[in-house]
Amino acid sequence: MTEIEWWDYDDADEMAEAVAGDAAFVIESALDARGQAVIALPGGKTPLPIYQKLADKQLDWKRVTIIPTDDRLVPMGDPLSNVTAMAKVFLPVKARVMPITSEAATDYRAAGRAADARLQDVHWPLDLCLLGVGADGHTASIFPGEDFEEAVAGPRERRAIGVMPGDLPAEAPVARVTLTRAAMVTARALTLAVTGQAKRDVIEQAIAQGPSSPYPIGRVLADVELPVDIHWSPA
Ligand SMILES: O=C1O[C@H](COP(=O)(O)O)[C@@H](O)[C@H](O)[C@H]1O
């Protein structure tokens, strides 16, 4: 059973400050130990204040690689592109922001294979994997649907796959590329940052269901070997 600790905050700004502080500590430790750090950050809207507070930290950003936990198959620059949002904040501080999608891929599965190949060049495991959660219980871009089992229980060495959500989410109704569960849970630090009571209810239910949870976040968090921190604020 996974050891999970909840951290509650009054608001999203307070949560962002704490999560950015923890992430900076992890990055600093990796830089001290290895001279480089590799972290995965979630997309969507919730982490935007965290990006900014993290980028404001005095770190040797040139030696930090940032990859999205997942991305939508849209052109670079599109408002739905997770890596574009990260690049806007972290390129000015000179971090290496690495896309996991490319416009050249012919279909979502090919895009997933290309991402997996590209990620073989990155130092592994991740120093930090920060995850978000959707109101429907998806995390990164692991959704119920035909690619679900492959994403949560595929070969351990596979780092990324292409995914077509069974029900396309209204806020971003497109195919995706996502890190696999294996790539995420082998990170040296695994952390979630979420807002809102509805998401908290879904996560608590998913954790209680354990490995048989129909929610992606439940499958990802079941039987994780390292302790997991969940940062939460009401809005
Ligand atoms: O589609 C996605 O959604 C989740 C949740 O996003 P949020 O805006 O509700 O915080 C996100 O974690 C994931 O990376 C993203 O691609």
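Mentor: In the UniProt record, an unreviewed entry, the annotation "domain: Glucosamine/galactosamine-6-phosphate isomerase" covers residues 11-221. UniProt positions are given in the numbering used here, feature names are shortened, and annotations may be inferred rather than shown by experiment. Residues are numbered from 1 along each chain as its sequence is written. The model is predicted: local features need pLDDT of at least 70, side-chain atom pairs count only at pLDDT 80 or more, and totals for chains, interfaces and linings use all residues.

Over residues 11-221 the chain is 39% helix and 16% strand, with the end C-alpha atoms 24 Å apart. The secondary structure of the chain comes to 8 helices and 10 strands. Helices (H or I, at least four residues) and strands (E, at least two) are DSSP runs, numbered from the N terminus.

Now the part you asked about. Strands of a sheet pair through backbone hydrogen bonds, either parallel or antiparallel. Two strands count as paired if DSSP finds at least two bridges between them. Here 3 strands make up an open sheet in the order 4-8-7, and the pairing is antiparallel. Strand 4 (70-72) and strand 7 (160-163) stand at the edges with a single partner strand each, so one side of each has no neighbour in the sheet. On average, neighbouring strands of this sheet are turned by 15° against each other, direction ignored. Strand 4 is joined to strand 8 (residues 176-179) by 3 bridges. For Asp70, the bridge partner in strand 8 is Thr178.

Helix 4 (residues 108-119) lies across strand 7 and strand 8, and runs at about 165° to strand 7. Contact means that the C-beta atoms of two residues, placed from the backbone, lie within 7 Å. Axes are lines fitted to C-alpha atoms, for helices over the stretch in contact, and angles run from 0 to 180 degrees between N-to-C directions.

The peptide bond from Trp124 to Pro125 is cis, with omega near 5°. Another backbone detail is Lys94, which has a positive phi of about 80° although it is not a glycine. Lys94 is found in the loop between helix 3 (82-90) and strand 5 (96-97).

For scale, the C-alpha trace of the chain spans about 45 × 40 × 30 Å along its principal axes.
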